[in-house]
Amino acid sequence: METILVGVSGGIAVYKTVQLVSDLIKKGYDVEVIMTKNATEFVAPLTFSSLTKHDTYVDTFNKNVHYDISHISLAKKASLFIIAPATANVIAKVANGLADDMLTTTFLACDCPKIIAPAMNTHMYENKITQDNIQKCKDYGMIVVEPQSGRLACGDSGKGKLADVETLLDAIECYSYTNKCLKGKRVLVSAGPTREDIDPVRYITNHSSGKMGYSIAKAARNMGADVTLVSGPVSLRRPFGIKVIDVKSAKEMHDAISTQKDGQDYIIMSAAVADYRPTIVSDQKIKKGSGLKLELEKTTDILKELGEDKTYKLCGFAMETQDLIANAQKKFKEKNLDLMVANDIKVEGAGFGYDTNEVTLIYNDTIENLKLMSKNELAYKIMYKLMEV
Ligand code: CTP
């Protein structure tokens, strides 16, 4: 089991760290918490110990806790160290190698990936000294998860709120994934549905949630790639460390992908692009009458266009309700793909909206049936397969 060290310094955002630790435990990580003395004014160490089932460390010289040299043994077993919230004071210390308590000594002794999540008053955050210290941390290879803007506990408004827990989890997942086999590679992923306007209030769309595409983008990011995600309208959270280009229609998706495709090493078209759009989009709301006939025209098949003169490996999806393999093989050939991910949306747990999927992979002359699995797990399988074919 991987061990994540969570360093907690003193700020009101400590209550969010309790949620972070709880979520990490639920995800199966072993978590050890080290608090500064000031942090214990906000939340008691017992809160964290109850969640982690470990002692919570505060003072380097606390004889009651352990008999070995705790900061060294903790540092050795850590896969990743995150300080959240990181106050201006603790950032200043770690930027300059100061080590005067359990948190900072352990941090200095660690050679695993290190994440700093600042949280403080906006004036303290914007102060040149803090900014210089943050830059210094980055220059030393630490990852800084930017704070959010909003109303701060002190009543001021501005940048300084701790990043939300989902973003912190996402960053931890990214940097604790050790196989960075896509480092230096560029990956373009499309995800979600498209929306084709009929008039100012109505549109044609489909049931795609974007989950599969977002999982693929995150897996590629975790594997070290520089990822661009072209996303149709979805209600998913913006992933950490991924450039997202928001689009609505099939035309916008086509335009975005066309401008991004050069220089990519892998392109994965998991978006459910509309095949047809209304020929004319009414400027005014269409009033109800005796009947309405919509005239539709075909959209560009983006995947097919990407298959011509490709300088990257190309992966497409086929969503079918009948003759899965025959239809998917046909699309695989016609669109000149390297990998096809085919699924029958009538299978329970596969396709739109679910967190799971059951697919068949088609590549070279192979048809490989995969069992039902989470979209996150499948995302890695797709990326590793695409690298291999
Ligand atoms: N696709 C695309 N552009 C479109 C339509 C689809 O790039 N205008 C891509 C999808 O992202 C997917 C693949 O083509 O990767 C297959 O999509 P699918 O809807 O299963 O097949 P179609 O080729 O549209 O054929 P049909 O709708 O007749 O099954």
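Select domain 1 and domain 2 together: three salt bridges cross the interface between them, a salt bridge being a side-chain nitrogen of Lys or Arg within 4 Å of a carboxyl oxygen of Asp or Glu. The model is a predicted one, in which local features need pLDDT of at least 70 and side-chain atom pairs count only at pLDDT 80 or more, while totals for chains, interfaces and linings use all residues. Residues are numbered from 1 along each chain as its sequence is written, and side-chain values use heavy atoms, with hydrogens and water left out.

Next, colour the two domains separately. Domain 1 covers 3-176 and domain 2 covers 186-388; such bounds come from an automatic or database domain assignment. Their C-alpha centres lie 38 Å apart. In the contact between them, domain 1 takes part with 10 residues and domain 2 with six residues, where contact means heavy atoms within 4.5 Å.

Now display the surface of both domains. Together they bury about 680 Å², and 52% of this is on carbon and sulfur atoms; buried area is the accessible area (1.4 Å probe) that two parts lose on being put together, summed over both. Which three residues supply 62% of the area that domain 1 buries against domain 2? They are Asp170, Glu173 and Cys174, which supply more than any other three residues.

Then select helix α8, residues 165-176. With seven residues, this helix gives the most to the side of domain 1 that touches domain 2; helices (H or I, at least four residues) and strands (E, at least two) are DSSP runs, numbered from the N terminus.

Move to strand β3 (residues 78-86), where Pro85 is found. The peptide bond that joins Ala84 and Pro85 is cis, with omega of about -5°. Most peptide bonds are trans, and most residues other than glycine have a negative phi.

Finally, visit two loops. Asp309 is in the loop between α11 (302-307) and β16 (313-320), and has a positive phi of about 50° although it is not a glycine. Asp309 counts as exposed because its relative accessibility is 75%; exposed means over 50% relative accessible area (1.4 Å probe, protein chains only). Asp323 lies in the loop between β16 and α12 (324-334). Asp323 is not a glycine, yet has a positive phi of about 45°; at 55% relative accessibility, Asp323 counts as exposed.

How values were computed. Buried < 20%, exposed > 50% of the residue type's maximum accessible area, 1.4 Å probe, protein only.
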